[in-house]
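Here's a quick look at pockets and ring contacts. Have the structure open while you read.

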Amino acid sequence: VGKRKAKENPETMKMEAVKTLTQISDTEPTFAGVIRYEKTFTLEDDRLPKEAYLKAEHVYEMMKVTVNGQQAGIRLAPPYQLPVGGNIECRGKITLQIEVATTPARDQLNYPQPPFDFSHEAMEPTGMFGEVVLFVKGRKSE
């Protein structure tokens, strides 16, 4: 998982390993920007999947998915599910990357200005958490 604010260069994003996906807002309540989730795995079967779908349980607010550097799709609202099978074109290592963009609402907490006090606003969580699953249906041979 890595984070960057909107104005920061994506190339300088520092990634860190996590065991469980949690709400970024739990540890950084004022963070607003882009959160990148990345997983690399190996496709050991010599047949490519006919169909594959990625499903994320909770995403706040927008999700962009890439597979091996190719954009697979964007979801702006639930359900956060999209086909990724067409992007799996090789055997071996597969890198799945999900970027979640937040709204600027939490950034307003950094700039309190009377007469508005955003610290009492009801805000949704930040980031992606819960279960993230890759469903594979059938296999096709080349």
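Strand E8 is the top contributor to the lining of the largest pocket, giving five residues. Strand E2 (34-43) and strand E7 (92-101) join E8 in supplying at least two residues each; strands here are DSSP runs (E, at least two residues), numbered from the N terminus. This is a predicted model, where local features need pLDDT of at least 70, side-chain atom pairs count only at pLDDT 80 or more, and totals for chains, interfaces and linings use all residues. Residues are numbered from 1 along each chain as its sequence is written, and side-chain values use heavy atoms, with hydrogens and water left out.

Nearest the centre of the largest pocket sit Leu21, Tyr37, Glu38, Lys39 and Val132, out of 20 lining residues. The second largest pocket has Lys5, Gly33 and Tyr111 among its lining residues.

| Pocket | Space | Lining make-up |
|---|---|---|
| Largest | About 500 Å³ | 14 nonpolar, two polar, four charged |

A pocket is an open set of points on a 1 Å grid where a 1.4 Å probe fits, with protein on both sides within 12 Å along at least five of seven lines; lining residues have an atom within 4 Å of a point.

Now for the rings: there's one aromatic pair (centres within 6.5 Å). Tyr60 and Phe129 have ring centres 5.9 Å apart and planes at 15°, so they count as stacked (under 30 degrees). Tyr60 is in strand E3 (residues 48-60) and Phe129 in strand E8 (residues 127-140), so the pair ties together parts 69 residues apart in sequence.

Terms used: Phe/Tyr/Trp six-rings, centres within 6.5 Å; stacked < 30°, edge-to-face > 60°. Helix = DSSP H or I, 4+ residues; strand = E, 2+ residues; numbered from the N terminus. Points joined across faces, edges and corners; volume = space filled by probe spheres on them. Nonpolar A, V, L, I, M, F, W, Y, C, P; charged D, E, K, R; others polar.
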